Amino acid sequence: MSRTPDLVTPQLLRGWRLPEPAGGKDARGSVLVVGGSTETLGAVLLAAEAALRSGAGKLQVAVPRSLAPVTSSALPEALVRGLAETEAGAVRADAADRVLDLAQSAAAVLVGPGMVDEAQTRELVERLLPELHGPLALDALGLAAVTADPACLHHLDGRVVLTPNPTELAFGLHVDDVEDAAAGALEMADRSQAVVALGGATSWVAAPDGRLWRDESGGAGLGVSGSGDVRAGVVAGLLARGAEPAQAAVWAAHLHGRAGERLAAQVGRLGFLARELPPELPRVLSEVDL
């Protein structure tokens, strides 16, 4: 496999344009975001808004049942569905059938933001995978099933994007630390036959066929709670619009980074919040996709 990375620049992206939006909201795709718990609803809200800000036309959100009313209030653009939950307020594995029903009308599915029960989440994803046909993005604890068995995604023929942070990638590779981020991303992409979008000071996107991209946009301010949820939401929104998985991951890395740069200039190098990133995304999209 090639390990020579392509540097992500606006010029590269303009030569790899996103599907042109046409028609109404249905033409831009529907995204389903599955996640949350009574302690981490914010992760779902961040990812869901980012998906819409990236150009997806319709939004469904599936959260623990007790959180559905507040989620509907916080996301007036979304169709919100409640899922079976544990006593601790996490999504239960037996909510899989409900999620699959919702996924039938979705152009892309994101599973993982804000999920907190590893065993339940892993079983949920394991139940979903045989029936999902992609495009699919897995984030945070949504990666647990892949950590246990990377081959669980092989039947999806590369229609999956994984969005780990460096710690999650290390878990996935069963090592204490990933010393070479690019090599680690490529290894996980090869094992899982999925696109791996690795966040960090430098973002790496690795495809199963050995293609590799490096994105250096962003800055230290993006190292803040919720930032990764926004990036995962951008990936899902672009998948819903019809971008192929590697394209969605590469564009998401750059849009996320450029949004951080805009906030660094407006607010300060450090101290801006993840919730401030999604409103910047349409502006960055307009700048890049001239």
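I took helices as DSSP runs of H or I with at least four residues, and strands as runs of E with at least two, numbered from the N terminus.

The model is predicted, so I kept local features at pLDDT of at least 70 and side-chain atom pairs at pLDDT 80 or more, with all residues in totals for chains, interfaces and linings. Residues are numbered from 1 along each chain as its sequence is written, and side-chain values use heavy atoms, without hydrogens or water.

**Pockets**

On a 1 Å grid over the protein atoms alone, a pocket is an open set of points with protein on both sides within 12 Å along at least five of seven lines, a cavity is a set where a 1.4 Å probe fits but cannot get out, and lining residues have an atom within 4 Å of a point. Points join across faces, edges and corners, and volume is the space filled by probe spheres on them.

I looked up the largest pocket and found a volume of about 360 Å³. Of its 24 lining residues, Gly-199, Gly-200, Ser-227, Gly-228 and Arg-231 are the closest to the centre. Helix 7, helix 9 and helix 10 each give two or more residues to this lining, and helix 9 gives the most, with 4 residues.

The second largest pocket comes out at about 210 Å³. I listed its lining as Glu-118, Arg-122, Ala-140, Leu-141, Leu-143, Ala-144, Thr-147, Ala-148, Glu-168 and Phe-171. Helix 5, helix 6 and helix 7 supply at least two residues each, and the largest share, 3 residues, is from helix 6.

**Cavity**

I searched the whole structure and got 1 cavity of 30 Å³ or more. The largest cavity holds about 60 Å³ of space. Its lining is Leu-143, Val-146, Thr-147, Leu-162, Pro-164, Glu-168, Leu-169, Gly-172 and Met-188. Two or more of these residues come from helix 6 (144–148) and from helix 7 (166–173); helix 7 has the largest share, 3 residues.

**Annotated site**

An unreviewed UniProt entry places a "binding site" at Ala-43, Gly-114 and Asp-229; positions are in the numbering used here, feature names are shortened, and annotations may be inferred rather than shown by experiment. I checked the spread: the three residues span 187 residues of sequence but cluster in space, with a largest C-alpha distance of 8.3 Å. Of these, Asp-229 is in the lining of the largest pocket.

I traced Ala-43 to helix 2 (residues 41–53). Ala-43 counts as buried because its relative accessibility is 12%, the buried cut-off being under 20% of relative accessible area (1.4 Å probe, protein chains only; exposed is over 50%, partly exposed in between). Beyond four places in sequence, Ala-43 is in contact (heavy atoms within 4.5 Å) with Pro-113, Gly-114 and Asp-229.

Gly-114 is in the loop between strand 5 (108–111) and helix 5 (118–128). I put Gly-114 down as buried, at 11%. With residues up to four places away in sequence not counted, Gly-114 touches Gly-36, Ser-37, Thr-40 and Ala-43.

**Nonpolar cores**

A nonpolar core joins buried Ala, Val, Leu, Ile, Met, Phe, Trp, Tyr and Cys through side-chain atoms within 4.5 Å. I found 56 residues in the largest one, with Val-31, Val-33, Val-61, Val-234, Leu-238, Trp-251 and Leu-255 making the most contacts inside it. Elements giving two or more residues to this core include strand 2 (30–34), strand 3 (58–64) and helix 9 (227–241). Helix 10 supplies the largest share, 9 residues. I also noted a second, separate core of 45 residues, Val-91, Leu-128, Ala-182 and Leu-186 among them.
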